Amino acid sequence: MTPNLFFLLASLLFSIGLVGVVSRRNLFVVYMSIELMLSSVNLVFATLSRLLGDAGGSTMAILLIAVIAAEAALFLAIIIHLYRQSKTLDSDLFSDLKERT
Amino acid sequence: MPEFNLELIIFSILTLFMLGGAFTMISAKQTLYSAFGFLVSMLALAGEFALLNSKFLAIAQVMVSVGAIVVLSLLTILTINTKVENLPKEPYKYLWIAFSLLIVSPFTLLLYKVLTTLPAHFAQAQTITTKLVGKTLFSGWVLPFEIVSILLLVAMLGAIIIAKEKLKGENS
């Protein structure tokens, strides 16, 4: 086993997340893609922790998991709020800040 | 004959599940199927952490990411319960996905090349034990730990306030 395999997997995951954010319009898919990108960073941290034989990477990954949890709570709350306002999940329709009608 | 490498086989299976879950997530039409793909992906990620000898991280991943975040997402999706015809219309979805994959792939290569400038061998088989992680977390990483606890508190309050329904007499 070499770290390069894990790095390859992490970069692939990050790219898939980026593609999901860019190409889909469903708010939930956008949210889950962002989570996937954050988790791929987590995988890089864990690999570095093993590579350098140091617990700092694992510690940072645990802190990052807490950040991901906070992000999930806020994002889901925002999705519920937006859905209650306009009964849609289409991210293209939410442009309130651009032009106030 | 290639040598029999159990770690590599487990890694391949986990990678298959992970990439399959991720692709299901970004390509499924129904939101619920995307969430299930996300669930599979997160579980496989916990397996990768276990493969990297970070036991505590694997357990934390299963408990927080799978047990809390994915379940919360599933609950939200089921509560909102959008009909298929109310989902965003995406007639050129696969075209968009293929196009953005094409755009993103050089970036992936760059990311991989940057990450692999590090030495290509693991240090001697060393397990990052829970004790070691705890000692690191509460000695050198106390300030980030406290900041994260405040962040979680603020995020909880913010989520409650954002998702709260407006009361009758309250004007926007």
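Chain B has six helices and zero strands, where helices (H or I, at least four residues) and strands (E, at least two) are DSSP runs numbered from the N terminus. The model is a predicted one, so local features need pLDDT of at least 70 and side-chain atom pairs count only at pLDDT 80 or more, while totals for chains, interfaces and linings use all residues. Residues are numbered from 1 along each chain as its sequence is written, and chains are lettered from A and ligands numbered from 1 in the order in which they are written.

Read from the N terminus, the elements of chain B go α-α-α-α-α-α. The radius of gyration of chain B, taken over C-alpha atoms, is 21 Å, well over the 16 Å that the globule rule gives for 172 residues, so chain B is more spread out than a compact globule. That rule is 2.2 Å times the number of residues to the power 0.38. A box of roughly 70 × 45 × 25 Å, taken along the principal axes, is filled by the C-alpha atoms of chain B. Of the 172 residues in chain B, 22% are buried (20 or more other C-beta atoms within 10 Å of the residue's own; exposed means 12 or fewer, partly exposed in between, with C-beta atoms placed from the backbone). B:Leu6, in helix α1 of chain B, counts as exposed because it has 7 C-beta neighbours inside 10 Å. Its C-alpha atom is separated by 47 Å from that of B:Asn86, 80 residues apart along the chain.

Now for the partner chain. Here, 64 residues of chain A are in contact with 74 residues of chain B, contact meaning C-beta atoms, placed from the backbone, within 7 Å. On the side of chain A that touches chain B, α1 (3-23), α2 (27-52) and α3 (56-86) of chain A each supply at least two residues. The most comes from α3(A), with 22 residues. By class, that side of chain A has 42 nonpolar, 17 polar and five charged residues (Ala, Val, Leu, Ile, Met, Phe, Trp, Tyr, Cys and Pro are nonpolar, Asp, Glu, Lys and Arg charged, and the others, Gly among them, polar).

One helix pair shows how the chains meet. α2(A) and helix α1 (residues 6-27) of chain B pack at about 150°, with their axes 9 Å apart; axes are lines fitted to C-alpha atoms, for helices over the stretch in contact, and angles run from 0 to 180 degrees between N-to-C directions. The contact is made by A:Val29, A:Met32, A:Ser33 and A:Leu36 of α2(A) and B:Ala22, B:Met25 and B:Ile26 of α1(B). Six of these residues are nonpolar, one is polar and none is charged.

How values were computed. Two residues are in contact if their C-beta atoms, placed from the backbone, lie within 7 Å.
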